[in-house]
Amino acid sequence: MRWRPWEIAYLEAHAGDGAEAVASHLGRTVNSVQIQASRIGVSLRRVWECPRCGQKVYTPLSGVSGWCMRCHLAESRDTAAEANRRIREKIAAEEREIAAIKRERQRYYSDTTRKRQKLKKLRKSRES
Ligand SMILES: [Zn+2]
């Protein structure tokens, strides 16, 4: 069966979807698509376009993010960095709280010591 112009146009536009996808869309055999592609000099190498960076890549997009590996990794790095920032903040807040409690406790200790000395002095002055 001869290839019609619109089929060739479709093949040119969708070659990156791979031979099987094009064959299935056009209702042709994979072999027929491969022969036609080689005749018109079109590569059937699978290519994906990342919706985030717009780059064409030759490895499947991430099943999790739907992005190319670079975008996916960059995103998961940023998520990890954010989690790290949050945990550091929690630790710092905890440390500030403990330091404040220690300062307060020290004030009580010092004040109690001063009051004991004062009481001792007052009792001494009553004796004399
Ligand atoms: Zn990308």
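**Exercise 1.** Find the protein donors of the zinc ion and name the geometry of the site.

*Solution.* Start with the donors, meaning N, O and S atoms within 2.8 Å of the metal (3.2 Å for Na, K and Ca), with water not among the atoms. They are the SG atoms of C50, C53, C68 and C71, lying 2.2 to 2.3 Å from the zinc ion. Along the sequence, the donor residues follow the spacing C-x2-C-x14-C-x2-C. Next, check the angles: the 4 donor atoms give 105 to 114°, and the site is tetrahedral (four donors with all angles between 85 and 135 degrees).

A word on the source: this is a predicted model, where local features need pLDDT of at least 70 and side-chain atom pairs count only at pLDDT 80 or more, while totals for chains, interfaces and linings use all residues. Residues are numbered from 1 along each chain as its sequence is written, and side-chain values use heavy atoms, leaving out hydrogens and water.

**Exercise 2.** Decide whether G16 is buried or exposed, and list its contacts beyond four places in sequence.

*Solution.* Then take the relative accessibility of G16, which is 12%, so G16 counts as buried (under 20%; exposed is over 50%, partly exposed in between, with a 1.4 Å probe and protein chains only). Finally, leaving aside neighbours within four places, G16 is in contact with R45, R46 and V47 (heavy atoms within 4.5 Å).

Definitions and conventions: Tetrahedral: all angles 85-135°; square planar, octahedral: opposite > 155°, others 65-115°.
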